[in-house]
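Okay, thanks for coming, everyone.

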Amino acid sequence: MEISVTESGDVRILSFQGNLDTNTSPQAESEINGLIDAGSQQLLINFEKLDYISSAGLRILLATAKKLKASQGDLKICCLNETVQEVFDISGFATILSVSKTEEDALGAF
Amino acid sequence: MIIRELSKPRLLWDGLILVLIIISCVMVPYQFAFNQSNALSGFQIIYLIDLFFIADIFLNCRTTFRRHGVEVSDRPSCTSHYARRLMIVDILGSLPLDLIAWILVGNGQVLGGSLVLALRLLRLLRIVRLFVILRRWEAFSWSNPGALRVVKFLVSILLLMHWLACIWFFSAFASGFPADSWATRAGIAESGPVAQYIRSIYWTITTMTTVGYGDITPARSVEYVLSAIIMLMGASLYAFIIGSVASLLSSMQAAKNSHWERIDSVTEFLRQRHVPAALDAKVRNYYEYVWEHDRGMDKNAMLNDLPGPLRLEILLHLASNILKTVPLFKNCSPVLRDELLTSLESRTFTPGSSIANEGEMGRSIYFIVEGGVEIISTETQKSWGTLGEGDYFGFLSMVLGERRTATTRAIGFCDLLILDKENFNRIKAEFPEFNDVLKHASAERTEQISELVMEGIIL
């Protein structure tokens, strides 16, 4: 699992590559928490190169969204592949997490 | 104008005709045997009833019929179908031929009775129409065929007894009540028609039921012959009555009997295997629920027995409540709804029974139709909340390909619709809208689902 962080204005963009599962979610969690602790309030997670997400990955997304909401921040997600989109649709997470099709759309929504 | 065979007005008209047939079949032979006069009180009634039967002939020409299960509704076909079958019988039984004969030749005699009244007996042919109507009701429109068979049976027996009583009395009347006739010996030759009828029907019933007190006995050849025939009919009828009543009673309770038979055999099996009483009580409780809910019918087996389109029609009717209340169906197109209905399996869970177990791989989605479900951690027995009617669960473990991290248990009796993984994937591939439908259905519960996921609960 590789996570690269880039910036676009105030927004930190995390690009995930590989699988976000029980094994890799602690790494993702510490990366995200590190950014929030450093003062980043606007995060965009790009899933373009993500192959698979497990319940542990979903948990991190939900926890991050909750944490940022509490501190007036914002989490947006973009570029979901078919499987991940399906999980979001069926679980209804697509309605509580802000999901965009492209990175540009997501950035424009902040 | 074409009248549909099973339309409400036609069935109501049939009901009226049925009553008039019974009145005709009682009055006409009574008038012939007991009251040999044209100037009797029922005279006008008979002709009034004739008008209804003549109208019935015209209506029958315009009534649809079924050919190979398809309703034929063009008028020439309806008329020719009726003409080939019962039109002649209906015409003979409805036209006032007695009135025509009376106008033409006056009141002549036949077999010692009035010719006019003898011709009036042709109205007994209406009995054929009675069976046609009852058969139509039985086949298509009667909700309780057992009760209808009882009515048919009782009407047939009572009419037969009435007719035999009339024949028995007429045997004495036609020969002018000779001294050795049964009526003279019984002292009713000069009595009024009511007393005469009571004695006649009394003798018929005692003879037909094989009681035969012997207070009224035959003495003349014609009476012996009649008695012998009625005794033979009575003996056969007696056996028929006993057999039919037993069969009717058992067929009326067929569903309940088969339900009890099933419970008995299950109880016997459990007793033989020394199953604890508490478990035995649970099984009985389940059958009690199945009886109250579905009258003991195995819905899935019954539905699988029907051809596809008919099964779908029944499912749509049975599920009419679910279609309105379960969010899944609210946003479906009719095609997707039909596909889902035929793919879902209906199951009932008993109170406290596990529906989907912790540690299992998700292979189905469960939609709650009736009842409630509790989410429980098996080890700690901690409850993570409940799900109610209209909610669904089981999809996360199925879509994520993970094991369930909690068990779902039925709170009371719980009716669920289950969609297995194969059907889920097939429907998803065939109907891209299915994801949207699920998205809408889960929208109201997203908070609860996300809280469960945060707690590590995957169903």
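Let's start with one pair of residues: I376(B) sits opposite S383(B), which belongs to β9(B). Keep in mind as we go that this is a predicted model.

So what's around that pair? Strand β8 of chain B, residues 373–376, is joined by three bridges to strand β9 of chain B, residues 383–387, and the two run antiparallel. Together β8(B) and β9(B) make a hairpin, with six residues between the strands. If you look in the turn, you'll find Q381(B) with a positive phi of about 60 degrees.

Okay, over to a helix. α8 of chain B covers residues 145–174, so that's 30 residues by the count. From its first C-alpha to its last it reaches 42 Å, close to the 44 Å expected at 1.5 Å a residue. Which residues of α8(B) are buried? M161(B), L164(B), A165(B) and C166(B) are, and then W168(B), F169(B), F170(B), S171(B), A172(B) and F173(B). After the helix comes G176(B), and its phi is positive too, near 75 degrees.

Now the cores. As a general point, nonpolar side chains in soluble globular proteins tend to be buried together. Here the largest nonpolar core has 76 residues. Which residues have the most contacts inside it? Those are Y366(B), F367(B), I368(B) and L416(B). Take L416(B): leaving out residues up to four places away in sequence, it touches R347(B), F349(B), I355(B) and V369(B), along with Y366(B), F367(B) and I368(B). Apart from that core there's another one, of 30 residues, and I17(B), F32(B), W203(B) and I230(B) are among them.

On to chain A. It has five helices and five strands, and from the N terminus on the order goes β-β-α-β-α-β-α-α-β-α. Of the 110 residues in chain A, 38% are buried. And if you take the contacts in chain A with a separation of 6 or more, 67% are between residues 24 or more positions apart.

Last bit: where the chains meet.

Key: Residues numbered from 1 in each chain as written. Chains lettered and ligands numbered in written order. Predicted model: local features only at pLDDT ≥ 70, side-chain atom pairs only at ≥ 80, totals over all residues. Core = buried A, V, L, I, M, F, W, Y, C linked by C-beta atoms within 7 Å. Buried ≥ 20, exposed ≤ 12 C-beta atoms within 10 Å, placed from the backbone. Contact = placed C-beta atoms within 7 Å. Helix = DSSP H or I, 4+ residues; strand = E, 2+ residues; numbered from the N terminus. Expected span 1.5 Å × (residues − 1). Pairing = 2+ DSSP bridges.
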